[in-house]
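Open the model in your viewer and keep the selection tool at hand. The tour goes from one space to the next, with stops at helix pairs.

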Amino acid sequence: MGQTVVDVNDLSRSFGGKTALESVSFRATAGQIYGLVGANGAGKTTLLKHLLGLLRATSGAVRVFGLDPVRDPVGVLSRVGYLSEERELPEWMRIDELLRYTQAFHPTWDASYAGELLETFALDPAKKVKELSKGMRAQAGLLVAVAHRPELLILDEPSSGLDAVVRRDILDAIVRTVADDGRTVIFSSHLLDEVERMSDHVTLMHQGRVTLSGPLDEVRRGYQRSRVRFAEPFEQPPVLDAALAMEGGGRAWSVVHTGSLERFHHSVLALGGVVVESRDATLEEIFLAHAGRSRQQVEAA
Amino acid sequence: MKLRSPIVAMLWETWRVTRVEAAWKLACGIVGGLVVLALHATFAPADNAKRYEDIMDMGAAMAMTVLVLPHLIGWPSMAKLIGGRPGFPLYLHYTRAVRTAVIVGLPMAYLTAVSSAIYLGSALLLRVTSGYAFPLLPVAAWIAALTVIGVAATWSTRNRSIQVVTMVYATAIAWFISVERLTAVEIPDTFDWPPRLWSTLFDWPLTDYAWIALIGLASFGVTAAMVARQRRGDELAASALAVVTRTPGGWVGLWDCLVGLFPLPCPTLSATRAQVWLDLKSNGFPVLTIGVTLAIVIRLMTAVSGPLDAAFLEATIRADPSCLNRDCITLVPIVPVLLAVLSLLIVLALAGNAFRIRRRQGRTYVSAFEATQAYSTAQLAVLKLLVKSACVLAALITIGASLWISLPLLGEAAFIQLWNVRPDSLRSVIKDAVAALTGYEQLALVVVLAVGVVIWVAAFAVLGALRTRYSRRVNIAALLLLLYGLVLGLLALAGQRGIGPEIPLGAIFRATSWVAASAIVLATGYLLWRGFAEQLLTLGHACGAVLVSAAFGAAWLTMLRAAGVSLAGMPTTNYVWMLSPALLPLMASVLSPWSLSRVRHT
């Protein structure tokens, strides 16, 4: 187990009367890549902003490198690289000025790495930020976030605005390099294939709560998707042990479920059915099952 | 809330964006007007009926001016939707299936109607409370015309120069028409438009209303046509971020131009130097450049004022030879002085937003890019305030210096005839006053002025930060203060007119000054404690703040003594009131980091 880099404990935050985060706990260790998944408004950006000290917790505690990011912004931010969702950069600055300005705050700035990325992204140092396209702006933001080789890299929707090539080849490579060096990456995304491809750990957020969190392999192993056929048709989804979500109708149903397969088989048999096929569920299926379940709970309440 | 049609939705949106500003305009007009009337009632001599009436007439005229003034600044809350830039602010409607004429016409009509309604409401209230017949419809109609022109000038074009020229031209025409009409008949021993003549003076001919209707139609037509152009192929319209992204050759905004004017390389040796560079480039140098430009303009205007004065005078005499017998003058030599005063006000107004709080689509926030740089909040606040203050101070000094060297070159006749003073003698008065001070007093004067500018900049910055973080609470607090002023004004007026029981206004004012002084002390103490509790302030920062405050306090006392104010034997209330400014630097030093912390870590 690596050193704890981020420790969020029972964090809650509300904006006016609206709860954005409710009793969220999250832990990240060095050398791992953490993917935050959730629909829009799930609370991913709010959680990341707490890690940067941009938001104060209503209750609970946030520690990054053992420090409170609100009380000790210098101690935390000097070791963190951040790419915001809005790609907010000073419009009037030229790219070279942006690099020099950011460099001044980070003694660990790696000029050769910055030059290498500048070349990879084909960014013109003389161009002003306001003259950049959305994608180029994302690339410039990514460059200044990683060029000082931060111990913790926080990326909020990093793929947004990047074309497929940059996303697949460059972003993945950067993130993997950072993690291989023993540093930590936390990124949020609503692109589940991206999270599945890049992360070692996945945390699923829904309506301000963490509904699922763990190493990606463990998470995927813990969920199966099975096709089930019953002797008699069902008008409503049948009640099956450990089932999270069901699709289909009549005799044929598709089920995302947890727990052992044997137990699930027994449960299906008890209702006069058989399991036709079973496989590990994809992250998307797990996400949809959890999101759908929460929605049902909300509607029932 | 269910909005049944696009028209209702658009009206609702315009109301939502402008409601706070409308409330402020209404409150400022009413409270300002009542305070002006109350002050005149307080200071007018009750034993001299003629003099009393003259002073109250003057007060009523000034109150009416106060009612009109808020409408000359247009509707900044709409412009804030696109970061204060010119252009159509409700560009998000471009993607709705609504005709451009409706998109433009609805908010335009709404703003015009609200401007007039605000004036009418304020004037009616002042009519009832003061007994003066404040003109209603005629002034409301001209306010509508000015509003519609202002809106048209702001929305029709993205070119700041065209916008400014149009507004200056419209205001100047309105000014000349007002002066011509209100001063048409010279009234001996008083000003030319006393309230007793208002019903006659403000009885506009019907042609005025026809002109106003024509202005409204023309403004609407021009705006609709120009906004339709913006809607068809506008870059801003296409950008959901509302960022003006012009090609390098195009118009990029005055402020953006000024930011790019100084190609200084960013230092990389330390974070402090890099931050100073950022604040100088983006916040300090533009103010300084504007100040220096205005100083140059003042000097150039002075240089041409002599020949221009002679030419205008000659033309006046040719047109009216009898004016020679009346020592006729032109106002040309006064223009550089007026411009200098205006320039000082402009620079002081530009001293705001030292924390670089941004506005977009009604949202105010600090840039996440700056907020996530590894720099302590207290240091950041101090650094931003010092950089901005230094540039503001430099701009003020430049303008002052320009006026100083210009004064001897200005024609004297106008100054003597209007104010019975020679421009050069003003310099002598200031020179003598400064020379009469000892070295220590001169140093104290410099400290008071310099720290005064920093406090001014800090006050703006803190207010901006607090409005960003606690906008509703700040608005409520400010409105309560205005309400308090309104009640005091009404009480003073009631007392003057003999209505109701006698109110001990003196005691209320004394209590107010005690409450204000106590609030400063308590707030400073509380914020100091919070600053340490949140690890926002360090011992070094607190010591620095105390040192600066002590230096300012000593300088302030020295200046009071130099001005002949003796604190010995002064009533305690006055004593506290005179010394309370000495607390301001300490309060600014703890309030600034605290307020920046509130917007950096929301």
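Five nonpolar, one polar and four charged residues make up the lining of the second largest cavity (nonpolar: Ala, Val, Leu, Ile, Met, Phe, Trp, Tyr, Cys and Pro; charged: Asp, Glu, Lys and Arg; polar: the others, Gly among them). This is a predicted model, where local features need pLDDT of at least 70, side-chain atom pairs count only at pLDDT 80 or more, and totals for chains, interfaces and linings use all residues. Residues are numbered from 1 along each chain as its sequence is written, chains are lettered from A in the order in which they are written, and side-chain values use heavy atoms, without hydrogens and water.

Select Phe355(B), Arg356(B), Val366(B), Ser367(B), Glu370(B), Ala371(B), Leu380(B), Lys384(B), Leu596(B) and Arg600(B): they line this cavity. Helix 13, helix 14 (377–406) and helix 22 (584–600) of chain B each give two or more of its lining residues. Its space is about 90 Å³.

A cavity is a set of points on a 1 Å grid over the protein atoms alone where a 1.4 Å probe fits but cannot get out; a pocket is an open set with protein on both sides within 12 Å along at least five of seven lines; lining residues have an atom within 4 Å of a point.

Now go to the largest cavity, with about 230 Å³ of space. Among its 20 lining residues, Tyr82(A), Val144(A), Phe369(B), Thr372(B) and Gln373(B) are closest to the centre. Strand 5 of chain A supplies the largest share, four residues.

**The second largest pocket**

Move to the second largest pocket, about 1400 Å³. Start from Ala174(B), Trp175(B), Phe176(B), Ser178(B) and Val179(B), the closest to its centre of 39 lining residues. Which helix gives the most to the lining? Helix 6 of chain B does, with 13 residues. The lining has 28 nonpolar, seven polar and four charged residues.

**Two helix pairs**

Next, show helix 1 (residues 6–43) and helix 2 of chain B, whose axes come within 8 Å and cross at roughly 165 degrees. Helix 1 of chain B and helix 2 of chain B are therefore roughly antiparallel too.

Methods:
Grid points are joined across faces, edges and corners, and a volume is the space filled by probe spheres set on the points. Axes are lines fitted to C-alpha atoms, for helices over the stretch in contact, and angles run from 0 to 180 degrees between N-to-C directions. Angles under 35 degrees count as roughly parallel, over 145 as roughly antiparallel, 65 to 115 as roughly perpendicular and the rest as oblique.
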